[in-house]
Amino acid sequence: MRGILSFASGALFGSGLMLSGMTDTTKVLGWLDIFGAWDPTLGFVLGGAILPMALAWKLRQRSGAPIAGGTFPAPPSRKIGRDLAVGAALFGAGWGLAGLCPGPALASISWGGVGGAVFLVAMSAGMVLAQPLGRRLALA
């Protein structure tokens, strides 16, 4: 049952990314180009994501356990530290350079072309190397 719910959730999320234009790198880069040919349409997508997430957090507070079993993860830390700042800067740089972030990159894997594949490989390498490099830098 959990696998079916995971597949359905992923398919719904990917479909939403495709329909909203989040997988179109030119649209995303247009959203980020606030001093040029700014395209505000993704603001509605980003703003529209806040309402369902706010409702989900409210439901989570009232619910004892997830529908598919297991436990809810602990709330994230509210501390803004070096790891969060560096991670946010790298995420933003990647999003601004490529016009893709992890969700849309995976959603566009079948038609993203060479640029999309390069981004996906680089993103995957960063995910694999993040913890070992972080530990090494913490020791330095």
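These questions and answers cover salt bridges and a surface patch in a predicted model. Local features need pLDDT of at least 70, side-chain atom pairs count only at pLDDT 80 or more, and totals for chains, interfaces and linings use all residues. Residues are numbered from 1 along each chain as its sequence is written, and side-chain values use heavy atoms, with hydrogens and water left out.

Reader: How many salt bridges does the structure hold?
Author: Side chains of opposite charge can pair when their charged atoms come close. A salt bridge is a side-chain nitrogen of Lys or Arg within 4 Å of a carboxyl oxygen of Asp or Glu. The number in the structure is two.

Reader: Which residue forms a salt bridge with Lys27?
Author: Lys27 lies in helix α2 (residues 25–32), a helix being a DSSP run of H or I with at least four residues. The closest N and O atoms are 3.3 Å apart, and the partner is Asp39.

Reader: What is the accessible area of the nonpolar patch of Met1, Leu5 and Ile67 together?
Author: A patch takes residues with over 30% relative accessible area and no salt bridge, and joins nonpolar side chains (Val, Leu, Ile, Met, Phe, Trp, Tyr) within 5 Å, or like charges within 9 Å. Met1 is exposed, at 71%. Areas come from the Shrake-Rupley method with a 1.4 Å probe, and for residues only the protein chains shown count as cover. For the three residues together, the area is about 400 Å².

Methods
Buried < 20%, exposed > 50% of the residue type's maximum accessible area, 1.4 Å probe, protein only. Helix = DSSP H or I, 4+ residues; strand = E, 2+ residues; numbered from the N terminus.
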